Amino acid sequence: MGLKSKDLLGMKQLTADEIMEILDTAKTMKLVISSANKKTSHLQGKSVVTLFYENSTRTRLSFELASKYMGSASANISTSGSSVNKGESLLDTARTIDMMGTDIIIMRHNQSGAPHFIAPYLKASVVNAGDGMNEHPTQALLDMLTMYERFDTFEGKNIAICGDIYHSRVVRSNAIGLKKLGANVSVYGPKTMMPIGIENMGVRIADSVADCIKDADAVMGLRVQLERQQKSLFPSIAEYAKFYAITPEMLALAKPDAFLMHPGPCNHGVELPTAVYDCDQSVINEQVTNGVAVRMAVLYLLMARRNQL
Amino acid sequence: MKLILKNAKKYNEDKLSNIYIEDGKFAVEFAEAEADRVIDLKGATVTPGLVDMHCHLREPGGEYKETIKTGTASAAKGGYTSICPMPNTNPVADNAAVISGIMKKAKEADNCRVYPIGAATKGIDGELISEMGLMKEAGIVAVSDDGHPIKNAGIMRKVMEYASDFDLPVLNHCEDKSLSEGAMNEGTVSTTIGIRGIPTAAEDIMIARDIILSEYLNIPVHICHVSTKGGVRMIRDAKARGVKVTCETCPHYFTLTDDCCETYDTNFKMHPPLRTRDHLEAIIEGIKDGTIDAIATDNAPHHADEKVCEFSVALNGILGFETAFALGYTYLVKTGEISMERLIDLMCYGPSNILKLGRGGMNIGDDADLAVFDLENEFTFDKEKMLSKSRNTPYDGWKLYGDTLLTVMGGKVTYEKLC
């Protein structure tokens, strides 16, 4: 039991069996979250530090609650109010945290590959909580948990992802993970936000929102960063909302029992009309709960590996 | 000083012969008893001293990465006897005073003939043409803004026109920066690992512009470190029309591809970036058919602090002097792509002709610049044995042929392998 690697750097590094072990463990952990006494001893005597170089609400909080529910000592560092502002290098900061007896460092960083860079230098396990445009593995795992609760198998299921594909680490992690479990992933967004060669990651590039969503078993919207407009990636919010949003009409093209996901935070009225965000098919709020469950599973399985060494 | 190299196998001859050197020149035979030193090469291959038309020595301003002394020692270890450092120093080599300082330090080090390249525009900021005439008097052999390509076509035209008054070649690093805000080649690998990409189009667009200007003005232009198949194709077509365009490539563009970046290893980060296999093949085709005139190193020393960091933060460039010949020999000659004579054209006569350096002569009376290579035995390249101050090479541990045994510049031994 446990993960093969010291670190969780991305879905690229996980096998299909490891993904399923995380999802199965997360289903159990979810019971803890819904119980009256949210306390286990899975991480008793362990220390967990979150090191975030980018803003975060749900990822950071869910990691902190996950570690606290399991009884670890936890602390957090953000880039403001730390030596990062004195110009300390990432590696020096990470080594400093490592030398304080930290078992797990959960890091979010704006540079792709930053956790891959520090991990080999550290005794602590490194969990990637989002690195640049590369990966956000625990987001993909919570998305997959949300699907797994509704699917008996991922094999042959159609997953549609619409929005800013280029900048999205959520898309990359989902595409890699879902492919490993046999699902079909379709993506669509403005061509200015489509990365070259994405089809070589095993996803289908759709021709339109409708083409992407048609016959989908699950539909995922993505946050459009409004500042992208300044870089001329789309001309206006009105135009984006008209041509690229997941409207009720578009959602109706999916399979009847399909459900809607979004990693949040959502720009209401841009990538999703509020009516869609709140519709019966929306599981967006449940994703948040699953985020805690999946992070409990990941932290537990990383420690399970260490305890066996 | 009289030197005899016995049992030398000149790269373009089959038989062994002795080489006589006197007062820094190749000389007629003299008695062994008169020699100050006799070295038995035991049949090792002798080539003219190599010429690198594109490198970085970092001095002044970047002495923590490399100095003229250590950089030229590193070049000598690679078999180079003539090298051309780029002007992106601090201060920028855009005036005669800085050039004179470089020449003085190079003379003191006395490891290589150093032919500086002056900045094409003041401060390499692409706006005002530099004092090319005064810099030429101080020793420059060409002008370039290197990694800060002149984006304004009107300024590029003026640079080419003014430089031609002084018979100075213009070397351009072709990159339309408006297309290239990334850190590696744009393609499947950059998309998969989430690194912003630099499209081949960024390079091709500026190559096209420079060819058009060269053709229109009938003034030569030299394209630095070509890495794309589009670039090779356009230069080939332009040469066929008689346009005075020349170009170079670097060993990394015929030995490495962007797959190498998958692990975020910053020793594979450079400008232009490593491309895909089809581009690598086009570069080899351009080398074979004569489209590419020179192999340069783009030797770019960087301190560990600038490379042991996040991929997008790391500085661009790799060391090249100490691996260039071995890579060329192993991956071009030994694989049967080109002859040894062609490799020496690319690494000596080609760049010497473009810059009018007159190097590479091996006749009696010519400057005794030569290199001796072991082409028979495989060796393992070890970065810890490099003479550079820096260690940013992607070739550590590579098994290669063509280790340097001896380098002689103007009759002086500038490198010899102690074994």
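1. Two residues are in contact if their C-beta atoms, placed from the backbone, lie within 7 Å. By that criterion, of the contacts in chain A between residues at least 6 apart in sequence, 75% join residues at least 24 apart.

2. On provenance and numbering: this is a predicted model, in which local features need pLDDT of at least 70 and side-chain atom pairs count only at pLDDT 80 or more, while totals for chains, interfaces and linings use all residues. Residues are numbered from 1 along each chain as its sequence is written, and chains are lettered from A and ligands numbered from 1 in the order in which they are written.

3. Overall form of chain A. The chain holds 11 helices and 9 strands; these are DSSP runs numbered from the N terminus, helices being H or I of at least four residues and strands E of at least two. The radius of gyration of chain A is 19 Å, close to the 19 Å that the globule rule gives for 309 residues, so the chain is as compact as a globular protein of that length. That radius is taken over C-alpha atoms, and the rule is 2.2 Å times the number of residues to the power 0.38. Along its principal axes, the C-alpha trace of chain A spans about 55 × 45 × 35 Å. Of the 309 residues in chain A, 50% are buried. Here a residue is buried if 20 or more other C-beta atoms lie within 10 Å of its own, exposed if 12 or fewer, and partly exposed in between, with C-beta atoms placed from the backbone.

4. Domains of chain A. Domain 1 covers 11–135 + 288–308 and domain 2 covers 137–283; such bounds come from an automatic or database domain assignment. The C-alpha centres of the two domains of chain A lie 25 Å apart. Across the boundary, 22 residues of domain 1 of chain A are in contact with 18 residues of domain 2 of chain A. On the domain 1 side, helix H1 (16–33), strand S4 (125–131) and helix H11 (284–308) of chain A each supply at least two residues. H11(A) gives the most to that side, with 6 residues.

5. The four-stranded sheet of chain A. This open sheet of 4 strands has the order S2-S1-S3-S4, with parallel pairing. Two strands pair if DSSP finds at least two bridges between them. Strand S2 (73–78) and S4 of chain A are the edge strands, each pairing on one side only. From one strand to the next, the twist averages 15 degrees. Strand S1 (residues 47–52) of chain A is joined to S2(A) in the parallel sense over 6 bridges, and A:Val48 has A:Ser74 in S2(A) as its bridge partner.

6. Strand S8 (residues 218–221) of chain A runs parallel to S9(A), with 3 bridges joining them, and A:Met220 stands opposite A:Met261 in S9(A). Axes are lines fitted to C-alpha atoms, for helices over the stretch in contact, and angles run from 0 to 180 degrees between N-to-C directions.

7. A:Arg58. This residue is found in helix H2 (residues 58–69) of chain A. A:Arg58 is partly exposed because 16 other C-beta atoms lie within 10 Å. Leaving aside neighbours within four places in sequence, A:Arg58 is in contact with A:Gly264, A:Val288 and A:Gly291. A:Arg58 and A:Gly264 are 206 residues apart in sequence, yet 8.4 Å apart in space, C-alpha to C-alpha.

8. The contact between chains A and B. It takes 21 residues from chain A and 16 residues from chain B. On the chain A side, helix H3 (90–98), helix H4 (114–118) and H6 give two or more residues. The largest share of that side, 3 residues, comes from H4(A). The chain A residues there divide into 9 nonpolar, 9 polar and 3 charged.

Technical notes. Ala, Val, Leu, Ile, Met, Phe, Trp, Tyr, Cys and Pro count as nonpolar, Asp, Glu, Lys and Arg as charged, and the others, Gly among them, as polar.
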